[in-house]
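Okay, thanks for coming, everyone.

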Amino acid sequence: MKNKIALEEHFAIDLTIGDSQVYARPEVWQTLKSNLLDFEQQRIEQMDEWGTELSILSLNSPAVQGIPDARRAIDVARRANDVLAEQIARHPTRFGGFAALPMQDPQAAARELERCVTQLGFHGFLVNGFSQVGDENTVVYYDDPRFADFWAVAAALKKPFYMHPRDPLLGREPIYEGAHWLTGPTWAFAVETGIHALRLLSSGLFDRHPELQMILGHFGEGIPFNIWRVDHILRKGRRGMPCDREIGDYLRSNVHITTSGNFRTPTLLSTMLEVGADRIMYSVDYPFEKHEDAARWFDRCEISENDRRKIGRDNAVKLFGLK
Ligand code: GRE
Ligand code: ZN
């Protein structure tokens, strides 16, 4: 498929590139680093070769979310968003943007989001999970009441947001001790991000803002596979859960799911059965993943051509209101 749209595609700036080094084996770090910092060379070559017309770009992880000092977080977010805006201006048909936001200061995050959407033409925002706030051992999730006004601003802008992974703070998660190969994209990303998404879905956020749309990568971080059980258990007793509906209802009305880094047909088919082909979108997760691996799988996997067009492109055109 030639004119795909991909939306979990990452870049870094000098101030954030160091955060990605722990995820690269030493022999591939120089390549990953160069690919994250690059916009116009390898990135566009790979998009051309493997049929991605438009990449919606976002900062690497955890970057701004991992900066406990709010003033520094505000500064780094603004710089990253300005770098991205400049590249989008140079290649408006090839790049779009998700804003990085300093959630350490919800008011500042709302102002930066408004700037990015109304002045820079970004398509929404991407957060790398919880934010450390004040000191590095403090974790804040976005169902916290302090974000009420932020979410009102985000919903009013009518752009989706991407809930992207970061690792849990390993000092607070002893379960990974002695099994560090399970951290990061192996497993910990999905657990951490899946729970954060479930917190938002069950918090009442989507009752207050029924139009708000959340995007999850990696085929939904495990949620579609387990949603029947989640609702089955909660149907027997809600245990204080404050939202109006079942979590699966929000999954089918407020969530979109991408293929990023999870190029597997049985998983795609199961997700299609659970949420429908209209809520699934192609993504690569470049440069942590290869366009080649994503496209070789997606372009030929056994779905109808109608569904391939929706997932590869048309659903994103609709969601982001592209030309
Ligand atoms: C990502 O942000 O998507 C990512 C990382 C580190 C390793 C793999 C990965 O930040 O997909
Ligand atoms: Zn990613």
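So, to start: how far does a polar side-chain atom of His 10 lie from an oxygen atom of ligand 1? It's 3.4 Å, and I'm using polar contact for a pair of N or O atoms within 3.5 Å; within protein, one must be able to donate a hydrogen and the other to accept it, and residues adjacent in sequence count only if both atoms are side-chain atoms.

Before I go on, the housekeeping. This is a predicted model, where local features need pLDDT of at least 70 and side-chain atom pairs count only at pLDDT 80 or more, while totals for chains, interfaces and linings use all residues. Residues are numbered from 1 along each chain as its sequence is written, chains are lettered from A and ligands numbered from 1 in the order in which they are written, and side-chain values use heavy atoms, with hydrogens and water left out.

Back to the ligand. Around ligand 1 you'll find Glu 8, His 10, Tyr 23, Ser 61, His 164, Pro 185, Phe 189, Asp 285 and Phe 288; a residue makes that list if one of its heavy atoms lies within 4 Å of the molecule. His 164 puts a side-chain N or O atom 3.1 Å from an oxygen atom of ligand 1. For Asp 285, a polar side-chain atom lies 2.7 Å from an oxygen of the ligand.

Now the sheets. Helices (H or I, at least four residues) and strands (E, at least two) are DSSP runs, numbered from the N terminus, and two strands pair if DSSP finds at least two bridges between them. There's an open sheet of three strands, in the order β1-β2-β3, with parallel pairing. Its edge strands are β1 (4-11) and β3 (95-97), each pairing on one side only. From one strand to the next, the twist averages 30°; angles here run from 0 to 180 degrees between N-to-C directions, and axes are lines fitted to C-alpha atoms, for helices over the stretch in contact. Helix α2 (residues 42-49) packs on this sheet and touches β1, β2 and β3, with its direction at about 140° to that of β2. Contact means heavy atoms within 4.5 Å. As for β1 and β2 (residues 52-59), they share six bridges in the parallel sense, and Ile 5 has Leu 54 in β2 as its bridge partner.

The other one is an open sheet of five strands, β4-β7-β8-β9-β10, again with parallel pairing. β4 (125-128) and β10 are at the edges with a single partner strand each, so one side of each has no neighbour in the sheet. Helix α6 (residues 188-202) packs on this sheet, touching β7, β8 (214-216) and β9 (255-258), and its direction makes about 140° with that of β7. β4 pairs with β7 in the parallel sense over four bridges.

On to helix packing. Helix α3 (residues 70-90) and helix α4 (residues 106-119) pack at about 10°, axes 11 Å apart. They are therefore roughly parallel to each other, a label for angles under 35 degrees, with over 145 being roughly antiparallel, 65 to 115 roughly perpendicular and the rest oblique. The α3 side of the contact is Ile 74, Ala 77, Arg 78, Asn 81 and Asp 82, and the α4 side is Ala 108, Glu 112, Arg 115 and Cys 116.

By class, that's four nonpolar, one polar and four charged residues, where Ala, Val, Leu, Ile, Met, Phe, Trp, Tyr, Cys and Pro count as nonpolar, Asp, Glu, Lys and Arg as charged, and the others, Gly among them, as polar.

α4 also packs with α5, at about 10° and with axes 8 Å apart. In that contact, α4 brings Pro 106, Ala 109, Ala 110, Leu 113 and Glu 114, and α5 brings Phe 150, Val 153 and Ala 154.

Which residues are joined by a cis peptide bond with omega of about -5°? Those are Ser 61 and Pro 62, and Pro 62 is in the loop between β2 and α3. Tyr 286 and Pro 287 are joined by a cis peptide bond too, with omega about 0°. Lys 158, in the loop between α5 (148-156) and β7 (161-164), has a positive phi of about 60° although it is not a glycine.
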